[in-house]
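I opened the notebook to go through one chain and write down what I looked up, in the order I looked it up. The sequence and structure come first.

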Amino acid sequence: MAPPLCMLIFLLFFSFPFSSSFILNNNHSLSFPLTLTETPLVKHVSNSINKNQRLRILSSYNVKSSFKYSMALVVSLPIGTPPQIQQMVLDTGSQLSWIQCNPKQRTNSKTTSPRPPTTSFDPSLSSSFSLLPCTHPACKPPVPDFTLPTSCDQNRICHYSYFYADGTYAEGKLVREKLALSNSQSTPPLILGCAQDSKDPWGILGMNRGRLSFPSQAQVTKFSYCVPTRQDRSSSVTGSFYLGDNPDSSRFRYVDMLTFPQSQTMPNLDPLAFTVPMQGIRIGATKLNIPPSVFKPDAGGSGQTMVDSGSELTYLVDAAYNRVREEVVRLVGPRIKKGYVYGNAADMCFDGNAVEIGRLIGDMAFEFEKGVEIVIPKERVLADVGGGVHCLGIGRSERLGAASNIIGNIHQQNQWVEFDLANHRLGFGEADCARLPK
């Protein structure tokens with residue numbers, strides 16, 4: 001984990017394995033109640049059906065749901081038989097889904113004050129729960145398809161461990177368990193982590209392109225979410241989420257994902273991330289002098305640009321961050337809060353009237369291929385980070401030991417973001433996410 005950011009604890013990325021999820025403290029309790037449409041998300045498909053037929057069948061199943069958003073997208077999922085509700089961060093930047101199986105009370109790593117007890121999953125109450133033996137292929141996976149370090153205990157049960165950038169970790173057993181979507185429908189048993197040692201209050205719902213992610217195991221070929229704006233970090237708002245087709249997708253604009261061979265092993269590349277062809281950044285009417293090559297992986301994988309729901313902030317490599325900062329300094333340099341760095345990565349921060357400063361900076365846009373853009377209007381180009389301070393919402397990734405560009409959820413607000421796995425593309429569509437029908 002990264003150092004605590006005010007009252008926020010980030011679960012950072014570019015560790016082993018890759019994860020960029022962050023966890024909120026108990027002041028920001030969020031929920032994600034699943035509400036089924038008439039069709040189930042997934043059903044057991046006979047192995048005699050070929051892959052293309054299976055994709056067509058599953059794409060016709062849809063789940064519409066809503067979530068409360070403050071700084072993260074936290075889902076409340078019914079897991080096991082009978083279902084036990086588990087809170088998990090929706091994370092497009094990691095693969096393995098894991099739940100809390102450790103009932104002990106946790107403490108805040110900054111204040112050491114006790115957290116309210118977190119409801120943990122009790123395996124003894126579920127008839128569909130099973131442990132994964134060491135002989136299972138997932139316990140000895142090929143690299144780089146699954147980079148989770150595993151080991152065997154004396155009972156030949158498979159264990160996993162997540163190590164993060166600041167030395168913290170999550171450790172537990174690999175298990176198989178169902179996710180119940182209604183009284184009569186559930187996913188097949190999925191491989192999950194059952195965390196027995198973790199300082200994090202919630203689990204992770206891994207949504208990347210890995211073979212053990214939730215979409216891969218549940219055979220979900222498309223999902224999308226709409227993150228609403230918030231007035232400040234103490235408030236929460238309701239957004240929308242779809243598994244399956246989105247009724248608004250006809251107005252989305254799509255970019256093709258960049259994909260990489262599984263055999264391609266570059267030290268700074270995550271081949272399972274949702275990598276997009278970013279072209280540049282614009283502030284106001286000024287297109288910044290950043291070569292497009294800065295946003296694409298080099299020979300070592302540095303420069304990859306990914307869309308990540310599990311990261312609050314956006315992060316840029318130095319070559320891009322420096323150009324952004326130069327322009328901000330040119331526009332509002334005297335107003336920058338001297339000596340202040342948010343989260344050890346973001347130093348374009350301000351005291352004073354955020355709306356006034358935002359007008360001086362102007363709109364900001366991330367530009368992709370095919371003319372697709374994510375535009376952040378000047379009214380919300382600055383983000384509240386607490387204590388009366390507002391920041392541009394962009395951090396320097398190399399200060400975190402990362403070598404990639406990450407578009408975080410703060411710059412996905414008021415956008416439908418659709419992950420079309422079957423067609424290897426991402427879609428974007430502007431929306432007032434707080435006012436969508438629930």
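Which residue stands opposite Cys-349 in E25? I looked this up and found Cys-391. I note at the start that the model is predicted.

**Entry 1: the sheet around that pair**

E21 and strand E25 (residues 389-391) are antiparallel and share two bridges. They belong to an open sheet of three strands, ordered E21-E25-E24, with antiparallel pairing. Strand E21 (349-350) and strand E24 (383-386) each have a single partner strand, so they stand at the edges and one side of each lacks a neighbour in the sheet.

**Entry 2: the chain as a whole**

I then took the totals. The chain has 438 residues, and 57% of them are buried. I count four helices and 29 strands in the chain. Of the contacts between residues at least 6 apart in sequence, 69% join residues at least 24 apart.

**Entry 3: nonpolar cores**

Which residues have the most contacts inside the largest nonpolar core? They are Ile-281, Val-324 and Leu-392, in a core of 66 residues. Helix H3 (residues 318-332) gives the most to this core, namely five residues. I checked the domains as well: domain 1 (30-41 + 65-107 + 115-220) and domain 2 (249-430) each supply at least three residues to this core. Another core lies apart from it and has 19 residues, including Cys-134, Ala-195, Trp-202 and Ile-204. As background, nonpolar side chains tend to be buried together in soluble globular proteins.

I listed the surroundings of Leu-392, leaving out neighbours within four places in sequence. Leu-392 is in contact with Val-324, Val-328, Met-348, Ile-361, Met-364, Val-381, Leu-382 and His-411.

**Entry 4: the sheet with E17 and E22**

In E22, Met-364 is the bridge partner of Ile-283. Strand E17 (residues 278-283) and strand E22 (residues 364-368) run antiparallel and are joined by five bridges. I placed both in an open sheet of four strands with antiparallel pairing, in the order E18-E17-E22-E23. At its edges are strand E18 (286-287) and strand E23 (373-376), each of which pairs on one side only.

**Entry 5: strand E6 and its two partners**

Is strand E6 (residues 84-91) mostly covered or mostly uncovered? I find six of its eight residues buried, so I noted it as mostly covered, with buried taken as under 20% relative accessible area.

Strand E5 (residues 74-79) and E6 run antiparallel, and six bridges join them. Val-74 has Val-89 in E6 as its bridge partner. E5 and E6 make a hairpin with four residues between them. In the turn, I noted a positive phi of about 95 degrees for Gly-80.

In which sense does E6 pair with strand E13 (residues 203-206)? The pairing is parallel, over four bridges. One of these strands' bridge pairs puts Met-88 with Gly-203 in E13.

**Entry 6: aromatic rings**

How many aromatic pairs does the structure hold? I found nine. I logged two of them by distance and angle, since a pair of aromatic rings is described by the distance of the centres and the angle of the planes.

The pair of Tyr-242 and Trp-416 is tilted, at 5.7 Å centre to centre and 45 degrees between the planes. It links distant parts of the chain: Tyr-242 sits in strand E15 (residues 237-243) and Trp-416 in strand E28 (residues 415-420), 174 residues apart. Tyr-242 counts as buried at 11% relative accessibility, and Trp-416 is buried with a relative accessible area of 2%.

The pair of Phe-252 and Tyr-254 is also tilted, with 6.4 Å between centres and 55 degrees between planes. Phe-252 is buried at a relative accessible area of 6%, while Tyr-254 counts as buried at 16% relative accessibility. Which residue lies over the face of Tyr-254? I found Arg-425 there, at 3.6 Å from the ring centre.

Last, I noted a cluster in which ring pairs link Phe-223, Tyr-225, Phe-274 and Phe-419.

Technical notes:
Residues are numbered from 1 along each chain as its sequence is written. This is a predicted model: local features need pLDDT of at least 70, side-chain atom pairs count only at pLDDT 80 or more; totals for chains, interfaces and linings use all residues. Side-chain values use heavy atoms; hydrogens and water are left out. A nonpolar core is a set of buried Ala, Val, Leu, Ile, Met, Phe, Trp, Tyr and Cys residues joined through side-chain atoms within 4.5 Å. Buried means under 20% relative accessible area, exposed over 50%, partly exposed in between (1.4 Å probe, protein chains only). Domain bounds come from an automatic or database domain assignment. Contact means heavy atoms within 4.5 Å. Two strands pair if DSSP finds at least two bridges between them. Rings of Phe, Tyr and Trp (its six-membered ring) pair if their centres lie within 6.5 Å; planes under 30 degrees apart count as stacked, over 60 as edge-to-face and the rest as tilted. A charge sits over a ring if NZ of Lys or CZ of Arg is within 6 Å of the ring centre and within 35 degrees of the ring normal.
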